[in-house]
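Have the structure open as you read.

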Amino acid sequence: MTIRTQGTLTGEFLLSEGEGQISRERIVVAKGDALPAGQLLGTLGTGEYAPYNNTAADGSEIVTAILYAPLPASGDPRPTVGIVRLAEVAEARLTGLDAAARSDLAAHYVIVR
């Protein structure tokens, strides 16, 4: 018997968001490994987004978005959608959350519950 664990589904971390799609933006995530929905992202100097890393010094140390849908690994930058403002999100469904990230999200009116 094979047991499979399902990852976070598209938008599953969202509890609520602003009316329409005001919470969402089209973004480009830098090339790299596969990422789950709910991954915290920071903005690199190139304008691309990368997984949050609080010890980095390249822009990814400040959370500016949450990945809306899972992304496969790729050797090229990947267009996608990010939650960037005015939302409530489920703490248990976020990847990379720490105290600094929680504060960064609050600055964008993204509340962690």
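## Strands around β6

Strand β5 (residues 63-67) and β6 run antiparallel and are joined by 2 bridges; strands here are DSSP runs of E with at least two residues, numbered from the N terminus, and two of them pair if DSSP finds at least two bridges between them. Across from leucine 67 you will find glycine 82 in β6.

β6 (residues 78-83) also pairs with strand β2 (residues 24-29), in the antiparallel sense over 6 bridges. There, proline 79 in β6 sits opposite valine 28.

## The three-stranded sheet

β1, β7 and β8 make an open sheet of 3 strands in the order β1-β7-β8, with mixed pairing. β1 (14-17) and β8 (110-112) are at the edges with a single partner strand each, so one side of each has no neighbour in the sheet.

β1 pairs with strand β7 (residues 87-89) over 3 bridges in the antiparallel sense, and leucine 14 faces valine 89 in β7.

## A look at serine 23

Serine 23 is in the loop between β1 and β2. It counts as buried because its relative accessibility is 0% (buried is under 20% relative accessible area, with a 1.4 Å probe and protein chains only).

Its side chain makes two polar contacts (N or O atoms within 3.5 Å, one able to donate a hydrogen and the other to accept it; residues adjacent in sequence count only if both atoms are side-chain atoms): the backbone nitrogen of glycine 18 at 2.8 Å and the backbone oxygen of arginine 85 at 3.0 Å.

## About the model

This is a predicted model, where local features need pLDDT of at least 70, side-chain atom pairs count only at pLDDT 80 or more, and totals for chains, interfaces and linings use all residues. Residues are numbered from 1 along each chain as its sequence is written, and side-chain values use heavy atoms, leaving out hydrogens and water.

Definitions and conventions:
Helix = DSSP H or I, 4+ residues; strand = E, 2+ residues; numbered from the N terminus. Buried < 20%, exposed > 50% of the residue type's maximum accessible area, 1.4 Å probe, protein only.
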